[in-house]
Amino acid sequence: ISIKYSVMLPGTHVWPHTGPTNCRLRMHLGLVIPKEGCRIRCAQENRTWEEGKVLIFDDSFEHEVWQDAESYRLIFIVDVWHPELTAQQRRTLPAI
């Protein structure tokens, strides 16, 4: 498991990219979310964060983020093993 905070200031755009592996899922817990202007696209789906809610996605799919709000966005990120991996597969992989 990997954890971190992400603060994104107004005017930020994270260009399309992919994560390094499909062995994990990424969970975003919205902590401070402006009412409008923040969104994420994963594959063809656009989503927004909500305070106190978790957004889960497979970051091996292309994704990008826009932060066009008037104030900062703060999320808590947790990477977890993909649930379709077996215990044996998890033991043979490097830490996420």
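Let us start with charges: Lys and Arg count as positive and Asp and Glu as negative, while His and the chain ends are not counted. The place of a charge is NZ of Lys, CZ of Arg, CG of Asp or CD of Glu. On that basis, the protein carries 11 positive and 12 negative charges, and their mean positions lie 7 Å apart.

Before going further, a word on the model. It is a predicted one, in which local features need pLDDT of at least 70 and side-chain atom pairs count only at pLDDT 80 or more, whereas totals for chains, interfaces and linings use all residues. Residues are numbered from 1 along each chain as its sequence is written, and side-chain values use heavy atoms, with hydrogens and water left out.

Now to the fold. The protein has 8 strands and 1 helix, with helices (H or I, at least four residues) and strands (E, at least two) taken as DSSP runs numbered from the N terminus. Read from the N terminus, the order is β-β-β-β-β-β-β-β-α. Along the principal axes, the C-alpha atoms fill a box of roughly 45 × 25 × 15 Å. Of the contacts (heavy atoms within 4.5 Å) with a separation of 6 or more, 75% join residues 24 or more positions apart.

How much of the protein is buried? Buried residues make up 35% of its 96 residues, where buried means under 20% relative accessible area, exposed over 50% and partly exposed in between (1.4 Å probe, protein chains only). The protein exposes about 6,100 Å², and carbon and sulfur atoms supply 54% of that area.

Next, the aromatic rings. Rings of Phe, Tyr and Trp (its six-membered ring) pair if their centres lie within 6.5 Å; planes under 30 degrees apart count as stacked, over 60 as edge-to-face and the rest as tilted. The structure holds 1 such pair. The rings of Tyr5 and Phe76 have centres 5.0 Å apart and planes at 55°, so this pair is tilted. Tyr5 belongs to strand S1 (residues 2–8) and Phe76 to strand S8 (residues 73–81), so the pair ties together parts 71 residues apart in sequence. Tyr5 is exposed, at 58% relative accessible area, while Phe76 is partly exposed, at 22%.

Two arginines also meet rings. A charge sits over a ring if NZ of Lys or CZ of Arg is within 6 Å of the ring centre and within 35 degrees of the ring normal. The charged end of Arg39 sits over the ring of Trp66, 3.7 Å from its centre, and that of Arg73 sits over the ring of Trp49, 4.7 Å from its centre.

Finally, look at Ala43, in the loop between strand S4 (38–42) and strand S5 (45–47). Although Ala43 is not a glycine, its phi is positive, about 60°.

Technical notes
Accessible areas come from the Shrake-Rupley method with a 1.4 Å probe; for residues, only the protein chains shown count as cover.
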